[in-house]
Every structure is written in structure tokens, then in C-alpha cells.
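Subject: Structure for your review

Dear colleague,

Please find the structure below, followed by an account of what was found in it. I would be grateful if you could read the two side by side.

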Amino acid sequence: MEKTQKEIQKLAKRLLKEKKVDLVIGYEKSESGKTRPFFATKLEDTDRLVWDKSCSNNLAVYLLENKEKVAIVAKGCDSRSILELIKTNQIKRDDVFIIGVPCNGMESNGKLLENCRVCRYRNPVICDVLLGEKVEEIPEDNYEDVKEIESLPLEKRLGFWKNEFQRCIKCFACRNVCPMCYCDDCILEKKDPQWVSKPRKKEEMFLFHLVRAFHTAGSCVDCGSCERACPVGIPLRLLYRKVAKDVKELFDYEAGVDLKEKPPLTKFDLENDEKL
Amino acid sequence: MKKIPKSRIKNLVRELEKNYDIIAPVRTGERVFFKELGPDDEVYLKSNPTNSPKEFFLPYSEVLFEFKKTNDEFELKPNLESRERILFGIRPCDVHSLLLLDLISGGEFEDPYYKEKREKTTLVSFSCLEPMDGCFCTSFGTGPSLKDGADLLLTDIGDYYLAEPFTRKGEKIIKSKLFENATKRDKKIKDERIKKAEEKIQKLDLEKIPEKLASLFDDKLWDELSKRCISCAICTYLCPTCYCFDVIDEGKMFTVDGKRIRCWDTCMFPSFTRLAGGENPRATKKERLRQRIYHKFKYIPDRYEKFGCVGCGRCVRYCPAGIDIMEIISQIK
Amino acid sequence: MKNPYIPRIAEIKNIRQETPDVKTFQILLPKDSSGEILEYLPGQFLEISLFGIGEAPISITSSPSRRDLEISVKRVGRLTESLHEAEIGDKIGVRGPYGNGFPINELKERDIIFIGGGIGLAPLRSLINFIFDKRENFGKIFILYGARTPQDLVFRDELQSWNEEKNTEVHVTVDREDEEWKGNVGVVPKLLEKIKPDLKNTMAIICGPPIMIRFTVKALMELGLRDEQIVFTLERMMKCGIGKCGHCNIGNKYVCIDGPVFSYAEMKDVPEFKL
């Protein structure tokens, strides 16, 4: 991985020097050893770029504010988010230079992250340059966690989620860290009409999370950023993976894989969809 | 000065439960939260909980009053009824946060809701012997132990906790038969352990910070620092000294009944300073992040002669973008 | 201990339409425990509640030297929209008065230039009428006022009667004229060119949209006024009115308790305040 890190730095330097981009979004390490997003604009900055097993943030979210002449370091999941953003016209393909990096999974405290354990797209699905050797992909979907909770009776499932959601403090970190939550006027914050009010009411906590789960249906790539950002440890991935599993079964669609494939909720095929 | 064997802490809690509601750190999965102790909950003292104790004095949402219209007249009923409770396991940094909140909620217009809860709460604090990631109490003089501010201070001295009462409420608790007499040697062990704990924590000299900040307002370091920020509310909601709130009415238009509620708000959301006409003096992330730093390290010290931060480390531990408020401060130095 | 969050119940006694989106409400408050209706200073504001909708800070436009308590409200948001639909006899909540008020002692024996824009004339009116009720204590008075169009000018009758007062000049302007308008056209700061105050012994009081305040302060400084001679009201999001909710925090000040009236001398060292 050290070799790849040097290549990232070299490439970033070249892109900035040749003025192909004004900004390179990558990762750096703080003095205390924490890996976090980094925005390189000057040539000297590029020496701070790192690449190792702690680069878990999905940097695609920062493309929503930096839409032009930007290069971005992208793992498999990040590249899928970028593809979705291009598909939904949030960014233009030509405005972003994707530095693709194959990834064998990120770690936290020496342990492989859960979403990395089941990741089907370890190699970037879209990129301008691929740094590093391609890695082996897991051949099959693994929805064990979803199946486990699906098998519970309704009352138990309801109890499980009620218990998890009650801790939510509506910090909006899950939404803000997600590249696919790009709405200027988020329904969860609207006052007119108001769907979710400001105080933390039990019924509304359910509504909040279910709305987000449905609104990200067909665009969530399971990068895991939302669950990692959540300060109170709500198992958000479980919910969004359930929706992703349903989308796959109902529409045979996966987010961020095929640029030409239209999102399932944006099209209606009278003949073929009748079976639904 | 007394002491209590560690094995008896459970018994102490059960004993106190008879007369008080107990709020204490409880482990839920991999996380620890302050919560009201239920019948199956066990007190967990090995790490500072994710949430701050402020939510028990300034709740996430609180009814200020209920209003009801009868025969053209409005009746307003304020909501001021708390029960006696003990905040068991609060750490010195969080105790200091309450001391700051006391100042802020006082003044010309005293906040009766905060005051009432504060008066009904007994603070049983535990000294900190192991700092967590992001802890900076020694820079603010808010830890790892206390000289006052709580009602009772317990410090781990091996097989026992040394118990030092600071108020009558504290003295009442140690009257329990669960406590034994402590010796001068016990106190010595405590002092040694506290000293060892202090050495584990990085200490920054913060004296000139408000001055330095005065000259850095337009510096471009705020542009760079704020690029990572995702404008969520984690830092402010977990912060033990952040107190900003929003006030909203719930009810039917003009008639019948409803409530006026106040709930947590955050300067990190764009809507915090947005006026009715649409103008927003802090429309960008840079302005909001800068406001947070200035509020805690310049504006609050200007007004109250205390920093608005107690070094608890929560914002450092939980920021999804890796923004470290103490790293920023040490850069400014 | 008094609970500062509980409003008093008041009644709307009278409503006057000033412009298409501004109404002046006369409020009837019952006497409180000390027999007072409401003691206030010009420049202070009230927190007006419509129970079920919310609460908003609104400047007092009446003078404490006169009998009626009045507020003028422009229709800009949810609460003000609902308030505009209220009728005489409706009950509203009132908290206050809050804020520091205008520095009346610093105006005594001096010439005063009032500069107002749009609805900004409302709090100035409180001070202007207060001064006219004690006219001998103050020097020459200049009232410079403007709005976007002639339709948006508030208190037109009083502007007329003020102009007829002794040792007083009133100048009015609009940004955009209509067919009938025969007066000045242009921004409010330009009206400064029409007056000749005794600059060394003058206080300027400005109230209006932030951009107008900025240009006016600059123009006054160019005329040679010192920082302490320039006073204005600051407009920020305010909620609780008592310095607790944090919304109006600017620098180490709270607009609701340290302001909303500030002198330029106070504000120029506040980093977030920009001219």
C-alpha cells in the first residue's frame, strides 16, 4: 500500500502542476494518527496524501460542493457513489478526475469493516486511472445479516428498531456524510409542510429513518459511512441493506454499477412491470 | 474522609435507588450512555459516556408551558416538576461543564427550568485515571480530579474508592454503613494516582488564545479547516457545554390548546442564523466552524472568564470528518 | 423566581394598515402586579406570541411618553403572516420589554439625524415621538427616510406632521418612483447631502436593512462623524429575547440583551460585524 500511496502523491502533484485540476480530494493523517479527508490545492500539499487500511471515509460526498476541475481518490464503493452522482446529473463526468484504487477492505482497530467483509466491488467501477493491481472480488452477495432480522416475527423486528431509533439525536450526520443525499431542501428538515418536527418524538424517529431508507433506495452503495458516523451506534446499514436487497430482488438493480442503467424508480415499463 | 470497597458500589447504587432516581453510565453494546438506571441496568465506570450529562438539565426537548384557550381567555401552565436524583459517575470535566452552564443560565433572566433540575440533582463524581482519545482536561483545569463542584468525589485507589464529600448532600451519602474510614495513606495513594493520570494527558497553554483569535478572524486557515466539515450536529449535541436551543409551538392555529417546546439547536446548521427574509450571516461552513471555535475560545471567555470548553474530548472522538478542536487550538498557538 | 419564558396575555385593541404588507397593532395589556401596564424605553422590543404558531421579536413603535402601546409588523414569515390575519379582540402573548433601548442621555442638547429605511422607521418613531414630547432638551432634528416605492413608505401622516415641528427637517426618498411621486428619488444615504447638521455636536441613529446601515455608516464617517456618534440597530435572528438560546450571538455580545442598539464604536471591534 505504500507504493500506491507514493503513486497517488505523484499523480496528484502532476495533475495540479499541469492545472488539469484545482483540487485533489484524498486522505491524510492527523498528528494524532487519525485518517481523515484532505483537500490538496498546492503542490506541497500532495506530500500529505496517504493511502492505507484506515482510509474508510467516502470522499464522494465532497464532490457535491466541489463540482469542477477536481480529482478524487476513489475506492470501489466511492467510485460507485461517483457513478450514481453522474447518473443522477449531480456532477459531470468531464469535471471530475477519478483516481481509482483497488481495495482489499478497510480496517478499524485491526478488524476488517463489516461493509468491506461483504463488498462485491473492491475494484473501482469507473475511473480515469487505476493505481495498483486489481484484486479478487467476492463472487456472491452476502445478506446474512438482513436475512437474520427478516426471519424474526414482526413484533420482534418492530421492538428491535424502536429500541435502536430511540437513541437517535437527529444530528443528521448519516444524511450529511452520504454522497447520495444531495437534496437542497431535505424533506426531513422542511417546515412547510412539516413531516418531522424538531423535538425528538418516538413516532417521528421511526419516520425519520424510514423516510431516509426509502429515499436512498436504489442509490445506497453500502459504503458504511452513515453507520460509522452515527454517534449513538444505530445499525443503519442493516436497514439500508434490507432496502437494497429488496431493490435487487424486485428490479434486478444495483446502485452505482452501470452508468447506462436507469434508476428503477425513475422509469416505468408498462409491459414488464405489470408483474409487480 | 471515607472509602468504599469496589465490590460494594453495586450495593451503594441499590441503596441510593430507594430515595433517588439514579442517572449513571450504562453499557449498551459497544457504547456507553448516561441514562436513568432501569432494573436490569448495571453501572459501567470504565469510560466517559458518549452523551453528556447536560441532557438531564437541558433536555433535548422540554415543554416550557402548555396553553389552553377557554372562553376567549388563554391559560398558561408552566412545566416545572422534577424528581430528586443522583448523577452517579459524572467525571470532573462534565462537572465543570455544569458549573459553566450555571453561569450561562443565570444572570438577569434566570432559567427556572435548568435551576430546578440542578437543585434536585446530587453529583457523585469519579476521578479520571485513564484519559480517552481527545481528552484535554488539564489544559482547562477541569480534571482529572476535582477540588469542589460536585457533592461527592470518588477516586479509585486500588481495591477501594476514596470518598471525599464537598457538600452536605455528599456527607449524607457517606453516612451509609457501606463506607469505611479512610486513612492518610489512602489520600496519599489518591494524590499519586491523580498525578500519574495528569501526566498521561497532553497539556496546552491556553492563556493567550483569546488574544490570538482576535487577530486571526480573516485568516484563510478557516477555509482550509472547514472543508472537511459536513455540517452535522454531532459536535454541538454531544458537547457538555453547548446550550443553544430553538423554541417552537405545537398546537392548532389560534385556538384550543398546545405546548411551547424548546429543543436543542446547533450553530452548525445553516438555518441557525437564517432570517425570515432569507438572508444568512453564516451561510458557509467556514463561517459556522469559525463561530464555534470563537464562541468557545473567545466570546465565552470574554463574558464569563472561563473557556467554553472543558476538554472532555467528545467532539474529537465522534466527528465523522476528523476535525479536532484541540489540534486547531494548538495550531493557532 | 419569575419565569422569563411565560408571556402575559394581551389583546389587540386596534389595527391600522400602513402599507400593503405593514400593519400597526395597538396592544392592550392588563396592569401587572405593580399596577403598571408596561414600562419601556424607545428602542426596546417585545416578544409577541401567537399560541400555536410561535413567537417573534418585534420593536415597539409607540413612545413611552404616550398612552398607547403599539408595534408595527411587516409580513415576512409564518408568524407575521398569521399576525396579519388577526382581528381586533384577538389574544396574543407578550414578553418583555427586552433590549437596551436608544442612548437617550447621549442625545440631549445635541442635533440628531434619524436615518430610516423601510420598516426601520418603526423603532425610530418611538424615539422621535419621545423626543418631540420633550423637545426643549434636544437640538435640531433631521429625519431622513426612504423605502423601495412610495407604497412602502410607513407613517406618512406623521412624517408630514414631524416636518411641521419647530427646528425640524424631514426628507423622504424612494428607490423607485411611481407616476404620482414628486419627491426625492434615490437611496437613503444620499439624503445626507441635503442637510447641514452641526457635525461636532450631532448623533446619528440608523435603523433599516443591513445594507442600508452599512452604506449610511460609511457616508457618515466620510462626513466626519466619530464612531461614538453613530448608533444603529442590529438585525440578527433572535428567539428567546433573554440571551439564552444563542441565536443572536455576535462576537461576545447578545443582540437581545446587549443591543439591539449599538454604537459603531462598540461594533467595529466585533470581528463578525462587517461594514
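Two strands are said to pair if DSSP finds at least two bridges between them. The model is predicted, and the findings are set out by region.

**The antiparallel sheet of chain C**

Strand β3 (residues 45–50) of chain C meets that criterion with strand β6 (residues 91–98) of chain C, as four bridges link them in the antiparallel sense. Within this pair, C:Ile48 stands opposite C:Val94 of β6(C). Both strands belong to an open sheet of six strands in chain C, whose order is β4-β3-β6-β1-β2-β5 and whose pairing is antiparallel. At the edges of the sheet are β4 (54–59) and β5 (69–74) of chain C, each of which pairs on one side only. From one strand to the next, the twist averages 40°.

**Strand β12 of chain C and its neighbours**

Strand β12 (residues 230–233) of chain C has two pairings to report. With strand β11 (residues 202–207) of chain C, β12(C) runs parallel, joined by three bridges; here C:Ala204 has C:Ile230 as its bridge partner. With strand β15 (residues 261–263) of chain C, β12(C) pairs in the antiparallel sense, again over three bridges, and C:Thr233 stands opposite C:Val261.

Which way do the residues of β12(C) point? C:Ile230 and C:Phe232 point one way, C:Val231 and C:Thr233 point the other way, and all are buried. A right-handed β-α-β unit is made by β11(C), helix α4 (residues 210–223) of chain C and β12(C).

**The mixed sheet of chain B**

Chain B holds an open sheet of eight strands with mixed pairing, in the order β3-β2-β6-β7-β8-β9-β1-β10. The edge strands are β3 (31–36) and β10 (180–181) of chain B, each pairing on one side only. Inside this order, strand β8 (residues 152–156) and strand β9 (residues 160–165) of chain B run antiparallel and are joined by five bridges. B:Thr155 has B:Leu162 in β9(B) as its bridge partner. Helix α1 (residues 9–17) of chain B lies across β1 (2–5), β2 (21–28) and β6 (85–90) of chain B, and runs at about 140° to β2(B).

In soluble globular proteins, nonpolar side chains tend to be buried together. The largest nonpolar core in this model has 235 residues, and those that touch the most other members are A:Ile72, A:Ile99, A:Ala173, B:Ile234, C:Phe114, C:Ala204 and C:Ile205. Helix α2 (residues 121–132) of chain C supplies the largest share of this core, seven residues. Leaving aside residues up to four places away in sequence, the contacts of A:Ile99 include A:Ile8, A:Leu11, A:Ile72, A:Cys127 and A:Leu131.

**Contacts between chains**

How many residues does each chain give to the contact between chains A and B? Chain B gives 25 residues and chain A gives 21 residues. On the chain B side, the elements with two or more residues are α9 (234–238), β11 (245–251) and β12 (257–264) of chain B. Of these, α9(B) gives the most, with three residues. By class, the chain B side divides into 13 nonpolar, five polar and seven charged residues.

Between chains C and B, 29 residues of chain C are in contact with 37 residues of chain B. The side of chain C that touches chain B has 14 nonpolar, ten polar and five charged residues.

Yours sincerely

Technical notes
Residues numbered from 1 in each chain as written. Chains lettered and ligands numbered in written order. Predicted model: local features only at pLDDT ≥ 70, side-chain atom pairs only at ≥ 80, totals over all residues. Contact = placed C-beta atoms within 7 Å. Nonpolar A, V, L, I, M, F, W, Y, C, P; charged D, E, K, R; others polar. Buried ≥ 20, exposed ≤ 12 C-beta atoms within 10 Å, placed from the backbone. Right-handed = clockwise from strand over helix to strand, strands pointing away. Core = buried A, V, L, I, M, F, W, Y, C linked by C-beta atoms within 7 Å. Axes fitted to C-alpha atoms, helices over the stretch in contact; angles between N-to-C directions.
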